Amino acid sequence: MDNFWTDFVSWLLSLLPRAAGAAVIFGVGWWLSGAVTRFVKRAMARAKTDAGISSFLISLVNASLKVIVALMALAQLGVDVSSLIAALAAAGVTAGLALKDSLSNVASGAQIIFTHPFRVGDYLSIPAEGIEGTVERIEIMYTSLRTFDNKETIIPNSKVMTSVITNFTAMKTRRLDLTYTIAYDDDIAAAKAVLQRLCSEEERIEKDPAPLIAVGEYQDSAVALVVKVWCKIEVYWDVYYSMQEKVKPAFDEAGLHIPFPQLDVHLPTESPSSPAKK
């Protein structure tokens with residue numbers, strides 16, 4: 001028993017220098033990996049790299065450096081790193097099958113970065129997931145969206161790439177479709193003139209293509225006039241609400257009416273020759 005404890009203490013003392021070296025390597029390496037990641041982030045910011053590419057590469061560099069630091073620390077402890085790497089490679093096949101969804105997210109993230117179906121700052125609609133929002137980050141496995149009511153939604157990249165996506169900000173301009181109704185007794189030409197004047201006065205509406213104002217359909221209780229105008233993406237909702245606020249007062253001033261739903265009911269009158277009810 002005395003020999004066992006003597007051998008154990010000797011082994012522990014011989015291990016201490018390697019353990020101290022491994023701790024130093026791990027601590028310094030971990031700090032350096034963070035410093036390198038910050039340097040890469042600043043360099044990409046100065047180079048004005050696309051925000052999606054920058055986010056993806058920074059997370060990849062950070063993860064890779066930390067794995068290297070961990071392997072260096074294990075090597076300092078005397079662990080056979082080459083055997084460990086071989087074992088990890090063998091286990092990677094099994095892990096790959098178990099983590100196929102995660103690997104699919106990584107592959108989809110790379111596809112997003114290099115094919116650019118959307119970029120950071122774009123406003124997306126993903127109907128299959130029931131999500132709309134502005135792209136905040138594109139990372140290795142997930143894409144982060146900020147919804148209109150300021151909530152963060154995290155979506156796996158594989159789900160993003162296998163869904164139909166509508167990118168509302170991919171183009172510089174967007175068409176705004178509006179519909180207004182007038183009574184059947186109102187003058188259609190006068191109503192169109194009022195809408196044309198409002199479109200001309202709204203400076204944020206593009207002059208080319210010119211606004212389209214026409215009769216859309218004849219409804220049960222009203223004539224529907226459609227207004228189709230173009231505006232820059234960033235003022236889309238401003239133009240929408242501005243037109244909605246101006247039309248009603250303008251119609252009132254011109255003597256035009258926005259009718260309520262109406263239903264005419266005709267009751268048959270009883271014929272004089274019909275037999276009296278008992």
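Predicted model: local features only at pLDDT ≥ 70, side-chain atom pairs only at ≥ 80, totals over all residues.
1. Asn157 counts as buried, because its relative accessibility is 0%; buried stands for under 20% relative accessible area, exposed for over 50%, and partly exposed for what lies in between (1.4 Å probe, protein chains only). The place of Asn157 is in helix 5, residues 157-161. Helices (H or I, at least four residues) and strands (E, at least two) are DSSP runs numbered from the N terminus. The side chain of Asn157 reaches the backbone oxygen of Asn105 at 3.4 Å. Among the residues that Asn157 touches, leaving aside those up to four places away in sequence, are Asn105, Ser108, Ile112, Glu139 and Tyr142; contact means heavy atoms within 4.5 Å.

2. Residues are numbered from 1 along each chain as its sequence is written, and side-chain values use heavy atoms, with hydrogens and water left out.

3. On the overall architecture, the protein has seven helices and eight strands. Of its 278 residues, 29% count as buried. Among contacts with a separation of 6 or more, 64% are between residues 24 or more positions apart. The accessible surface comes to about 18,200 Å², and carbon and sulfur atoms account for 62% of that area; accessible areas come from the Shrake-Rupley method with a 1.4 Å probe, and for residues only the protein chains shown count as cover.

4. One nonpolar surface patch, of about 410 Å², is made by Val24, Val28, Trp31 and Leu32. Patches consist of residues with over 30% relative accessible area and no salt bridge, where like charges are joined within 9 Å and nonpolar side chains (Val, Leu, Ile, Met, Phe, Trp, Tyr) within 5 Å. Val24 lies in helix 1, residues 2-46, and counts as exposed because its relative accessibility is 51%.

5. The count of salt bridges is eleven, each being a side-chain nitrogen of Lys or Arg within 4 Å of a carboxyl oxygen of Asp or Glu. In one of them, the side chains of Glu136 and Arg146 meet at 3.1 Å, N to O. This pair links distant parts of the chain, with Glu136 in strand 2 (residues 131-138) and Arg146 in strand 3, ten residues apart. Glu136 is partly exposed at 33%, and Arg146 is partly exposed at 34%. Asp177 also forms a salt bridge with Arg175, their closest N and O atoms being 2.8 Å apart. Salt bridges that share partners join Arg137, Glu139 and Glu152 into one network.

6. Several backbone features deserve attention. A cis peptide bond joins Asp208 and Pro209, with omega of about 5 degrees; Pro209 is in the loop between helix 6 (188-201) and strand 7 (212-218). His116, although not a glycine, has a positive phi of about 55 degrees. His116 is found in the loop between helix 4 (100-115) and strand 1 (123-126). Asn150 likewise has a positive phi, near 65 degrees, in a residue other than glycine, and lies in the loop between strand 3 (142-146) and strand 4 (152-156).

7. The cysteines complete the note. The count of disulfides is zero, a disulfide being a pair of cysteine sulfur atoms within 2.5 Å. Cys199 counts as buried because its relative accessibility is 2%, and Cys231 is buried with a relative accessible area of 0%.

How values were computed
Polar contact = N/O pair within 3.5 Å; in protein donor to acceptor, adjacent residues only side chain to side chain.
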